[in-house]
Amino acid sequence: MTRLPFFATLQDAFRQFWRNRRDFFAFAYLPVTANALLGVALQASLPQPLPNDAGALISSLTGLTIGIWIVSIVATVGFYVVFALAWHRLCLLPGETTTVGAALRWRARHWRFFTATFALAFAVILLAFVANLAVGPLIAALFGAQSGAGALIPIVLSFIIITMAMRFLLLFPAIAVDDRSMTPAESWRRTRGNGAALFMLLFTVSLGVAIVHQLIVAAWAAALGPMAVDGSLLAVFALMLLVQCLTFIGVALTTTIVSIAYRDLTAQAGGSGTV
């Protein structure tokens, strides 16, 4: 049984990202710019100044704002799928010759990637909800509703469910490289003993990105004052570009980690990828 070494895998992911940094900017340019422009459009459509009360804010939203918000969600999901799939192929098929347009073009494999993403996310949310709904009354009866166990056990259950979900992640690089032999059962078998390692790897990168994001927003707000939030749309666009670029760096790093897992955990079976 192959084990993913935490620090070596993390180091490998950062090294691969740095080696492919030019491809990153080529692949991320359109998603980052489009998402930033949609963010500016959403900001411009909001009433100024923003109401402090959530109810008043919701009631003040216009059809234009809601429309831009829906388009932003669709664009975010779509750009994530095309970028993550292209990045998997970059990691696992380094000899492939393609253009940026071809790499980001929506194909049949993108629908499979999207469906797998939606199915896994839905399953995690549903299982977490059902598990906490089933265990909640038992915890309240045994320990009391306000006990420490009442707060801790749902967190533990969620961790277990997410760790189980990590064992299906090999499906995504497999879809990207058209490996039809990688079924959910095969992914579960190949990742035996590595669910927690995958979770910690992805959590570490995501936490690091979140911390840097907060630092950037805080520094931006301190430098520009009120204009950083509700002033110049140019300032908002610049901030959105920074945030979106950081977001896609996080996507690239987490995608690289999953590609490394696919490479290492399928190596004994003659896996197709080389990162």
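R89 and D178 bring their side chains together in a salt bridge, with N to O at 3.9 Å. R89 sits in helix 4 while D178 is in the loop between helix 8 and helix 9 (184–190), so this pair ties together parts that are 89 residues apart in sequence. Keep in mind that what you're looking at is a predicted model.

Are these two partners buried or partly exposed? R89 is buried, since its relative accessible area is 12%, and the cut-off for buried is under 20%. D178, with 35%, is partly exposed.

D178 has another partner too: R109, with the closest N and O atoms 2.9 Å apart. R109 belongs to helix 6 and D178 to the loop between helix 8 and helix 9, so here the tie is between parts 69 residues apart in sequence. R109 is buried as well, with a relative accessible area of 15%.

For a local pair, look at helix 9, where R189 and E186 lie three residues apart, about one turn of the helix. R189 is partly exposed, at 48% relative accessible area. Salt bridges that share partners also link R89, E96, R109, R112 and D178 into one network. The structure has nine salt bridges, and the table shows some of them.

| Salt bridge | Closest N to O distance |
|---|---|
| R109 and D178 | 2.9 Å |
| R189 and E186 | 2.8 Å |

## The core

Now for the inside. The largest nonpolar core counts 59 residues, and F24, F83 and W87 have the most contacts within it. Among the elements giving two or more residues to this core are helix 1 (6–19), helix 2 (21–45), helix 6 (108–143) and helix 12 (233–265). Helix 4 gives the most, with 12 residues.

What does F24 touch, leaving out residues up to four places away in sequence? Its contacts are F17, F83, W87, C245, F248, I249 and A252.

## A nonpolar patch outside

On the surface, I58, L61, I66, W69, I70, I73, V74 and V77 make up a nonpolar patch, with about 720 Å² of accessible area together. Helix 4 (residues 63–92) gives the most here, with six residues. L61 comes from the loop between helix 3 (54–59) and helix 4, and its 31% relative accessibility makes it partly exposed.

## How confident is the prediction?

The protein chain has a mean pLDDT of 87, and 87% of its residues reach 70 or more. Confidence is highest in helix 8 (residues 171–176), at 97, and lowest in helix 11 (residues 227–230), at a mean of 55.

Terms used
Residues numbered from 1 in each chain as written. Predicted model: local features only at pLDDT ≥ 70, side-chain atom pairs only at ≥ 80, totals over all residues. Heavy atoms only, no water. Patch = residues over 30% accessible without salt bridge, like charges linked within 9 Å, V, L, I, M, F, W, Y side chains within 5 Å. Areas by Shrake-Rupley, 256 points an atom, 1.4 Å probe, with all protein chains shown as cover. Salt bridge = Lys/Arg side-chain N within 4 Å of Asp/Glu carboxyl O. Helix = DSSP H or I, 4+ residues; strand = E, 2+ residues; numbered from the N terminus. Buried < 20%, exposed > 50% of the residue type's maximum accessible area, 1.4 Å probe, protein only. pLDDT = per-residue confidence, 0-100. Core = buried A, V, L, I, M, F, W, Y, C linked by side-chain atoms within 4.5 Å. Contact = heavy atoms within 4.5 Å.
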